[in-house]
Amino acid sequence: MNLWEKYQHAFQEHASRMAFCIGGKTYTYAEFTAYLSGSRQLLMKELNGASGLPIGVMCYDSIETFAAIFAIWFSGCHFVPLHPLHPVLVNREKIQKTGLFLIFSSEASLDKANFDVHLLRNKEIISKEPLEVLQDKDCAYILFTSGSTGSPKGVPISVRNLNAFIEGFLDIYPDLTFNDRFLQTYDLTSDAAFTGYLIPLLLGATVFTIPPAVIKYLDIVKMLQKYQITWTQFTPSVLNYLHPYLKSLRFDHLKHSHFGGETLPYDLVAEWIHCVPDAEISNIYGPTETTITCTIHRTTTNHLGEHVCNGQISIGKPLKDVKILIVDENSEVVPDGKKGELCIGGPQVMEGYLEPKESDPFLVVGDEQYYRSGDLAFLDENGFLMFCGRKDDQLKINGYRIEPAEIERTISQATNGLKCCVFGFKKQNGMDAMVAFVEKYVDQPDKLKKKLREFLSPAFIPEKIISINQFPLNTNGKVNKSQLFQDYSSQLT
């Protein structure tokens with residue numbers, strides 16, 4: 001039984017159970033299957049016997065979006081998530097790089113003129129026809145990450161990669177059942193979103209989604225309380241927003257509280273655990289290239305402080321088939337306890353980027369290919385991984401991986417070639433943010449932000465834009481970032 005046949009079996013076995021709660025409306029597995037079957041028939045007519053092709057999905061908060069995703073998989077194709085609120089130019093680039101010619105959309109408001117593709121309108125398209133599953137092909141989906149060359153990189157994840165992740169995740173959490181209630185908090189164009197629906201739908205559990213047009217951290221609180229959620233995952237930044245209210249919040253039904261996308265401060269979680277007295281805390285880690293999550297630290301309230309370094313909670317140990325190495329600048333394995341670059345191997349690791357011209361991200365040791373994460377880490381005396389930051393300038397803000405070079409290129413284009421420098425800083429409330437220094441920029445920062453929204457997704461817009469007369473340089477002729485921080489520290493709060 002291949003991966004998609006396992007899902008088909010789960011949908012049949014749990015037909016009468018609730019599969020989704022979206023915008024307050026519930027759908028059973030039988031109802032979801034009818035939507036899935038309708039979308040699949042719509043797609044199969046267009047494919048005309050072809051398979052293994054990329055199919056786009058405009059990801060709305062709708063049952064039709066999830067139906068489209070599984071319809072693509074059940075048709076032997078792979079899906080490319082697109083965000084309806086992202087700039088047209090961002091989506092066009094993804095369409096061009098992946099070769100999309102078909103895109104599912106549940107909303108008629110989507111302007112076809114913006115995209116040179118055929119739109120599959122699957123709003124309220126259902127079918128009672130028996131659901132068939134084609135044999136799975138090599139690729140499951142393609143996501144895009146920020147690129148150090150200034151252009152996003154396409155990451156193809158195979159069905160084999162995805163199956164390895166699901167098996168590894170369930171091996172760590174055998175206590176999850178069809179009675180659990182999962183709160184999906186992430187943007188569906190993010191790989192972090194996959195856990196919030198792939199795991200529960202295989203178990204016959206229920207997925208609750210967060211509406212897009214809300215203040216997310218407040219809606220998370222409402223959903224946790226209203227629907228007695230038992231499993232959730234969000235970035236530590238959410239706790240920063242909730243910090244003023246932590247003493248008054250309590251979620252007795254929550255059993256699994258997962259965090260990912262950013263470093264997890266011990267002090268912040270130590271306050272959160274009083275809100276979730278019966279929950280286990282899990283800190284997860286995984287670059288997109290290694291399929292969603294490759295290491296997990298699962299701990300309880302009584303053991304929360306056992307694996308902490310520099311105020312940050314451990315990222316744990318690898319999933320069952322994941323292999324790790326920590327190497328020095330010469331790619332030699334370092335002893336336990338010594339810091340080095342974290343390299344990840346095993347069946348969850350992608351084979352390579354979508355475009356061959358992208359730089360080789362691998363370290364080959366014997367017959368094993370390891371992904372070079374660029375993250376620094378070390379193993380403590382008990383084999384737990386401790387995250388120590390980046391070896392380069394890459395940023396991680398609100399769960400998004402951001403290459404400064406990509407933002408700098410876009411700012412330079414938007415300002416007719418002005419020199420700029422982008423890097424991260426930590427605000428007084430402990431949250432990470434991004435600042436762009438632009439040399440000799442004379443307009444208001446908001447004007448530049450408005451221009452950048454035409455080219456960049458919201459998460460990639462710098463929070464602060466500061467104009468300076470001239471960049472300070474170090475002895476090597478490079479921008480002296482420490483001097484910039486010192487000179488403008490009062491504005492970085």
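**View A. Ser-146 counts as buried, at 3% relative accessibility.** Here, buried means under 20% relative accessible area, exposed means over 50%, and partly exposed lies in between (1.4 Å probe, protein chains only). A quick word on the model itself: it is predicted, so local features need pLDDT of at least 70 and side-chain atom pairs count only at pLDDT 80 or more, while totals for chains, interfaces and linings use all residues. Residues are numbered from 1 along each chain as its sequence is written, and side-chain values use heavy atoms, with hydrogens and water left out. Ser-146 sits in the loop between β7 and β8; helices (H or I, at least four residues) and strands (E, at least two) are DSSP runs, numbered from the N terminus. Leaving aside residues up to four places away in sequence, Ser-146 touches Lys-153, Arg-401, Ile-402, Glu-403, Glu-406 and Phe-460, where contact means heavy atoms within 4.5 Å. Follow the chain to Leu-131, 15 residues apart from Ser-146, and the two C-alpha atoms are separated by 37 Å.

**View B. Strand β7 (residues 139–145) pairs with strand β8 (residues 153–158).** The two strands run antiparallel and are joined by six bridges; two strands pair if DSSP finds at least two bridges between them. To find your bearings, look for Tyr-141, whose bridge partner in β8 is Ile-157. Strand β7 is mostly covered, with seven of its seven residues buried.

**View C. Nine strands make up an open sheet with mixed pairing.** Strands of a sheet pair through backbone hydrogen bonds, either parallel or antiparallel. Reading across, the order is β2-β1-β10-β9-β11-β12-β13-β14-β17. At the edges are β2 (25–28) and β17 (317–318), each of which pairs on one side only. Within the sheet, strand β12 (residues 256–259) and strand β13 (residues 280–285) run parallel and share four bridges. One landmark here is His-258, with Ser-282 as its bridge partner in β13.

**View D. Helices α2 and α6 lie across strands of the sheet.** Helix α2 (residues 29–47) lies across β1 (18–22) and β2, running at about 85° to β2. Helix α6 (residues 192–203) lies across β1, β9 (181–184), β10 (206–209) and β11 (231–234), running at about 155° to β9. Axes are lines fitted to C-alpha atoms, for helices over the stretch in contact, and angles run from 0 to 180 degrees between N-to-C directions.

**View E. Helix α2 packs with helix α3 (residues 63–74).** Two packed helices are described by the angle between their axes and the distance between the axes. For α2 and α3, the angle is about 55° and the axes are 8 Å apart. The pair is therefore oblique, given that angles under 35 degrees count as roughly parallel, over 145 as roughly antiparallel, 65 to 115 as roughly perpendicular and the rest as oblique. Look for Phe-32, Tyr-35, Leu-36, Ser-39, Arg-40 and Leu-43 in α2, which meet Ile-63, Glu-64, Phe-66, Ala-67, Ala-68, Phe-70, Ala-71, Ile-72 and Phe-74 in α3. The residues of this contact divide into twelve nonpolar, one polar and two charged. By class, Ala, Val, Leu, Ile, Met, Phe, Trp, Tyr, Cys and Pro count as nonpolar, Asp, Glu, Lys and Arg as charged, and the others, Gly among them, as polar.

**View F. Helix α1 (residues 3–13) packs with α6.** Their axes are 7 Å apart, at an angle of about 60°, which makes α1 oblique to α6. Lys-6, Tyr-7, Ala-10 and Phe-11 of α1 make the contact with Leu-198, Ile-199, Leu-201 and Leu-202 of α6. Seven of these residues are nonpolar, none polar and one charged.

**View G. Helix α1 also meets helix α5 (residues 159–172).** The axes come within 10 Å and cross at roughly 55°, so α1 and α5 are oblique to each other. Leu-3, Trp-4, Lys-6 and Tyr-7 in α1 meet Val-159, Leu-162, Asn-163, Ile-166 and Glu-167 in α5. This contact has six nonpolar, one polar and two charged residues. While you are at α1, look for Gln-8, which lies in this helix and is buried at 15% relative accessible area. Beyond residues up to four places away in sequence, Gln-8 touches Phe-74, Leu-131, Glu-132 and Val-133.

**View H. Asn-416 has a positive phi, near 60°, in a residue other than glycine.** Find Asn-416 in the loop between α10 (404–414) and β25 (420–426). Asn-416 is exposed, with a relative accessible area of 76%.
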